[in-house]
Amino acid sequence: FAEWQLVVPAFLLMLIATLLGILRWHWLLQAQGIDLRFRRTLELAFVGNFFNIALPGAVSGDVVKAFYIGKEVPGVRGRAFGSILFDRLAGLSALLLISAVALVLDLDVLWGSALLEGLKVFLIFAALGVVSGYSFLFFVKESRDPLLLGLQKAESRFPKVGSLTRIYLGIRHYHSHRATVAKTLLISCFTHILVCTACYLFLAALGDGAVERLSVYFVVPLGLLVTAIPILPAGVGTGHAAFGYLFGFIGSQRGADVFSLYAITILTVGAVGGLVYLRFKARNPLPQELS
């Protein structure tokens with residue numbers, strides 16, 4: 001923290017990335033015909049962040065966001081889940097693409113063991129899978145979608161599958177909103193580039209500024225993918241292990257410390273979301289099963 005000229009810009013980049021992520025979700029909501037003011041989207045996103053860190057593994061902030069949207073705009077909860085799920089998919093897709101691009105730009109990164117070679121092969125195929133998935137969404141019509149047809153067939157026998165069908169239809173809805181999808185992917189990539197840059201600045205503040213920047217852009221997205229496992233708030237534990245392990249391959253022993261600084265930002269955003277939730281609680285209480 002003595003290196004404030006590095007740490008302060010890093011925290012600001014993390015904050016900008018958070019706000020851009022909310023703007024991304026706002027665009028996806030609008031494409032679903034859910035017309036909320038951006039200020040309201042901002043509030044709901046912060047409330048969701050609060051629940052993501054307050055009750056990990058017990059209740060998802062995504063469920064809370066969809067609940068509140070369903071109260072404000074009745075009959076759109078399935079579409080709300082579709083926007084949230086697509087938002088998550090866009091974020092994960094961007095992580096894979098950024099890591100793959102960094103790998104292509106610096107093919108010598110992490111060169112050596114069979115494990116690392118396998119990781120590279122996996123990453124390249126995962127990135128190709130992302131491209132194939134969006135191509136499927138863009139070019140396969142709803143009437144010819146085998147997954148949708150399978151869900152509808154299963155729903156005829158098992159009515160409870162209907163909720164999955166409606167969520168998937170919420171994702172399929174973006175077939176006719178290609179411009180929104182393109183903007184979403186671009187802003188997702190830019191958001192994660194900001195996060196990677198922040199982690200590079202954190203690393204420099206910790207005394208490892210000589211590490212290659214592209215190497216950081218390769219390992220940070222992979223580490224963040226691991227934090228999707230909701231064991232503790234903000235990926236604490238899994239993120240420390242992943243960052244410590246991956247940063248070791250690029251010649252740094254400060255990976256866990258970098259993740260600690262990243263987690264501080266996420267926990268701070270969640271704490272701000274808790275303050276926002278206090279405004280909601282009296283006027284819009286959660287149902288008993290979510291509280």
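A: Buried means under 20% relative accessible area, exposed over 50%, and partly exposed in between, with a 1.4 Å probe and protein chains only. The model is predicted, so local features need pLDDT of at least 70 and side-chain atom pairs count only at pLDDT 80 or more, while totals for chains, interfaces and linings use all residues. Residues are numbered from 1 along each chain as its sequence is written, and side-chain values use heavy atoms, with hydrogens and water left out.

Q: With which residue does E43 form a salt bridge?

A: A salt bridge is a side-chain nitrogen of Lys or Arg within 4 Å of a carboxyl oxygen of Asp or Glu. Here the partner of E43 is R40, and the closest N and O atoms are 3.0 Å apart. R40 is buried, at 14% relative accessibility. Both residues lie in helix 2 (residues 38–54), three residues apart, about one turn of the helix. Helices are DSSP runs of H or I with at least four residues, numbered from the N terminus. R39, R40 and E43 are linked in a network of salt bridges.

Q: How many salt bridges does the rule give?

A: The count comes to seven. Among them is the pair D62 and K65, with the closest N and O atoms 3.7 Å apart. D62 and K65 both lie in helix 3 (residues 61–72), three residues apart, and both are buried.

Q: Which parts of the chain does the salt bridge between D87 and R24 link?

A: The salt bridge of D87 with R24 has its closest N and O atoms 2.6 Å apart. The pair links distant parts of the chain, with D87 in helix 4 (residues 77–105) and R24 in helix 1 (residues 4–31), 63 residues apart. D87 is buried at a relative accessible area of 10%, and R24 is buried at 9%.

Q: At what angle do helix 6 and helix 7 pack?

A: Axes are lines fitted to C-alpha atoms, for helices over the stretch in contact, and angles run from 0 to 180 degrees between N-to-C directions. Helix 6 (residues 146–157) and helix 7 (residues 162–172) pack at about 155°, with their axes 9 Å apart. The two helices are therefore roughly antiparallel, a term for angles over 145 degrees. Contact means heavy atoms within 4.5 Å; among the residues making the contact are L148 of helix 6 and Y168 of helix 7.

Key
Parallel < 35°, antiparallel > 145°, perpendicular 65-115°, else oblique.
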